[in-house]
Amino acid sequence: MTGKGSGNPGGDTYYWRFLEFGTENAPAQPFMRPAINQVGNDPVDAFIKEYGKSIDRALKQAQKKAAK
């Protein structure tokens, strides 16, 4: 596969928005919202925790660099 989205396993998948939210000509067929509602907040909490750790590491590195 070549062209736009060739680096993605599923190719260029810009059209997911049209399925999820619908268009003026096509009704919404949500697939993300039900999945998110089903798993709850655990994945979001894990992301926040790990992202916070990476921000703390980046700040420490920046402080070390600024001290030199």
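Start by selecting Phe-18: at 44% relative accessibility, Phe-18 counts as partly exposed (buried means under 20% relative accessible area, exposed over 50%, partly exposed in between, with a 1.4 Å probe and protein chains only). Keep in mind that this is a predicted model, where local features need pLDDT of at least 70, side-chain atom pairs count only at pLDDT 80 or more, and totals for chains, interfaces and linings use all residues. Residues are numbered from 1 along each chain as its sequence is written, and side-chain values use heavy atoms, with hydrogens and water left out.

**Stop 1: the rings around Phe-18**

Tyr-14 is partly exposed, at 45% relative accessibility. How are the rings of Tyr-14 and Phe-18 arranged? Their centres sit 6.2 Å apart and their planes are at 85 degrees, so the pair is edge-to-face. The rule here: rings of Phe, Tyr and Trp (its six-membered ring) pair if their centres lie within 6.5 Å; planes under 30 degrees apart count as stacked, over 60 as edge-to-face and the rest as tilted. That gives four aromatic pairs. Now bring in Tyr-15 too, since Tyr-14, Tyr-15 and Phe-18 form one aromatic cluster.

**Stop 2: the nonpolar patch**

Switch to a surface view and select Tyr-14, Tyr-15, Trp-16, Phe-18, Leu-19, Phe-21, Phe-31, Met-32 and Ile-36. Together they make a nonpolar patch with about 900 Å² of accessible area. Patches are made of residues with over 30% relative accessible area and no salt bridge: like charges are joined within 9 Å, nonpolar side chains (Val, Leu, Ile, Met, Phe, Trp, Tyr) within 5 Å. Areas come from the Shrake-Rupley method with a 1.4 Å probe; for residues, only the protein chains shown count as cover. Which helix gives the patch its largest share? That's α1, with four residues. Both α1 (16-21) and α2 supply at least two residues each.

**Stop 3**

Is Glu-20 buried or exposed? Glu-20 is buried, at a relative accessible area of 0%, while Arg-33 is partly exposed at 40%.

**Stop 4: along α3**

Next, Lys-53 and Glu-50: another salt bridge, with the closest N and O atoms 3.4 Å apart. Both residues lie in helix α3, three residues apart, about one turn of the helix. Lys-53 is partly exposed at 38% relative accessibility, and so is Glu-50 at 45%. The count comes to two salt bridges.

**Last stop: zoom out**

Colour by secondary structure and you'll see three helices and zero strands (DSSP runs numbered from the N terminus: helices are H or I, at least four residues; strands are E, at least two). Of the 68 residues, 4% count as buried. Then colour by pLDDT, the predictor's confidence in each residue, from 0 to 100. The mean is 87, and 90% of the residues reach 70 or more. Where pLDDT is low, the predicted coordinates should not be read in detail.

Technical notes: A salt bridge is a side-chain nitrogen of Lys or Arg within 4 Å of a carboxyl oxygen of Asp or Glu.
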